[in-house]
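Subject: Structure handover

Hi,

Here is the structure I promised to pass on to you.

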Amino acid sequence: MFSTIHDQFEARCEEHGEKLLFERRDQPDITFAEARDNVHRYVSVLSELGVRPGDRVAVQVEKSAEAVLLYLACLRAGAVFLPLNTAYTAPEVDYFLNDAEPRLFVCDPGQTAHLQRASASLSVETLGPKGEGTLPDRAAKATPSAEAAGRTAEDPAAILYTSGTTGRSKGAVLTHGNLASNAEALNDIWRFTGEDRLIHALPIFHAHGLFVACNMALTSGATMIFLPRFDADRVIDEMANATVLMGVPTFYTRLLASPRLDRSIAAGMRLFVSGSAPLLKDTHTQFAERTGHTILERYGMTETCMIASNPYEADRRVGAVGFPLPNVEIRITSRETGDALPQGETGAIEVRGPNVFDRYWRMPEKTAAEFREDGFFITGDLGRIDADGYLHIIGRDKDLVITGGYNVYPKEIEALIDTLPGVAESAVIGLPHPEFGEGVTAVVVPHPDKDVDEQDVLAALSGQLARFKQPKAVLFVEELPRNVMGKVQKNELRDRYATLYTPATANQAGSQHCNG
Ligand code: AMP
């Protein structure tokens with residue numbers, strides 16, 4: 001029978017109310033029973049503020065346990081939780097509020113300008129990182145309400161705006177069924193139980209921190225060691241008290257930069273998960289050497305929650321994201337025709353299952369354009385399934401470079417460049433090119449203490465790649481632009497170097513590499 005995230009949370013509270021749900025180092029801990037009492041108070045407050053089932057509750061606040069409790073209260077009250085990245089500026093927030101038309105907007109107490117947004121149809125309340133603000137003040141005075149709006153698997157639970165690098169950001173409507181089925185599948189395949197102690201250092205406005213990490217703990221009855229943000233030293237401090245860490249690849253590169261990371265520190269841990277961006281091979285290997293743990297890489301996206309994961313018990317393959325989650329189907333199709341491709345070939349990743357979102361908020365055309373008639377969602381990622389059934393992500397479809405009519409997959413070139421001595425990492429992009437449409441361009445981060453120049457890179461690639469794949473220019477930068485989830489912002493690089501190939505420079509830059 002279908003059981004929502006908030007129902008399962010209530011059941012865990014019944015089983016062990018005195019157990020800690022949130023362990024916090026700079027604030028009091030919170031037990032499951034205390035958390036439930038607060039959720040019930042927030043349910044009352046939502047009702048007092050006129051929030052009815054189906055109404056949106058937009059939340060742009062710093063990470064706090066109270067924000068998670070507000071999320072649970074929204075699920076219970078049948079409201080649609082809409083978390084917003086704290087980095088969004090006032091004009092961006094305007095767009096989301098106009099688009100989603102929430103009944104309630106909860107913002108940081110420091111953002112006083114937002115209070116002016118209050119109107120007959122929009123209440124504005126505050127919630128700060130220490131659990132302070134007008135919303136918790138109301139909750140403290142409220143009578144807890146154990147009432148819950150009846151919700152089916154199909155009812156909307158949350159809207160998450162995609163980080164959309166092109167065009168308008170789209171609100172992905174996720175249902176109670178999406179969230180519950182995904183948490184159940186992940187608890188199962190990662191053997192996550194009430195015995196676990198999770199180091200939670202991710203932001204909670206994103207699917208990774210909220211729908212993977214929090215939902216798994218809330219439904220399994222695990223304890224979260226709830227850190228305000230990632231800090232390598234603090235995470236290392238907590239490893240002795242914890243069993244699991246969920247992170248983005250940059251967590252792992254930063255942990256590796258600490259001389260404190262070693263086998264003894266990580267001895268009590270049972271699982272390190274990585275996702276949201278590709279894990280570099282070097283990171284995977286070095287982490288295993290230093291700690292004895294093989295990072296488990298998984299793949300998902302806002303619209304689909306988690307899609308695939310490396311196996312817990314069997315081989316966790318570097319460079320692969322593993323197998324579809326239980327009840328999830330993946331197929332690889334031709335970008336051009338949409339036909340299914342044979343195993344081993346690279347194409348568009350499509351996915352179908354209980355994890356796949358319902359629709360884009362108020363964008364029926366966009367929704368229709370990204371679903372096939374048989375219910376498969378076109379993820380916008382390219383990938384292939386190897387002979388053993390492991391899925392490999394090749395990159396975003398929109399990052400594919402088309403040069404002189406040939407398709408070039410950046411990842412193939414990045415993988416070669418990354419192995420060169422002196423190179424820390426790279427990003428390959430397509431830039432407007434007067435002759436080829438797009439020119440393959442490598443942006444390289446050298447190791448700080450090593451020497452590497454354009455000729456070294458080009459010479460190393462020349463024997464290994466067809467001429468049309470060889471970069472027409474190699475640019476060096478100190479670091480790649482990344483968002484908070486550790487994803488390389490290739491659109492930012494494309495903007496930065498948009499005019500690299502003018503007709504004059506194109507001739508010089510690419511003369512010896514043009515394939516005509
Ligand atoms: P978001 O919607 O912000 O969660 O971003 C989802 C995108 O992140 C996916 O469509 C992939 O392009 C990328 N992504 C997530 N996990 C991985 C992974 N393990 N390896 C490579 N790319 C990933």
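**Around the ligand**

Helices (H or I, at least four residues) and strands (E, at least two) are DSSP runs, numbered from the N terminus. Before going on: this is a predicted model, where local features need pLDDT of at least 70 and side-chain atom pairs count only at pLDDT 80 or more, while totals for chains, interfaces and linings use all residues. Residues are numbered from 1 along each chain as its sequence is written, and side-chain values use heavy atoms, with hydrogens and water left out.

The side chain of E297 has an N or O atom 2.9 Å from a nitrogen atom of the ligand. For T302, a side-chain N or O atom is 2.6 Å from an oxygen atom of the ligand, and a polar side-chain atom of R396 lies 3.0 Å from a ligand oxygen atom. On its own the ligand has 500 Å² of accessible area, and the protein covers 91% of that (Shrake-Rupley method, 1.4 Å probe; for residues, only the protein chains shown count as cover).

**Domains and a pocket**

The domain assignment, automatic or from a database, gives domain 1 (35-151) and domain 2 (400-508). Their C-alpha centres lie 44 Å apart. Both domains give residues to the lining of the second largest pocket, so this pocket lies between them.

A pocket is an open set of points on a 1 Å grid over the protein atoms alone, with protein on both sides within 12 Å along at least five of seven lines; a cavity is a set where a 1.4 Å probe fits but cannot get out, and lining residues have an atom within 4 Å of a point.

Helix 9 gives the most to that pocket's lining, with six residues. By class, the lining has 25 nonpolar, 11 polar and 11 charged residues.

What lines the largest cavity? The residues are V59, V61, A67, F81, P83, L84, I204, F205 and L210, which divide into nine nonpolar, no polar and no charged.

Cheers

Key: Ala, Val, Leu, Ile, Met, Phe, Trp, Tyr, Cys and Pro count as nonpolar, Asp, Glu, Lys and Arg as charged, and the others, Gly among them, as polar. A polar contact is a pair of N or O atoms within 3.5 Å; within protein, one must be able to donate a hydrogen and the other to accept it, and residues adjacent in sequence count only if both atoms are side-chain atoms.
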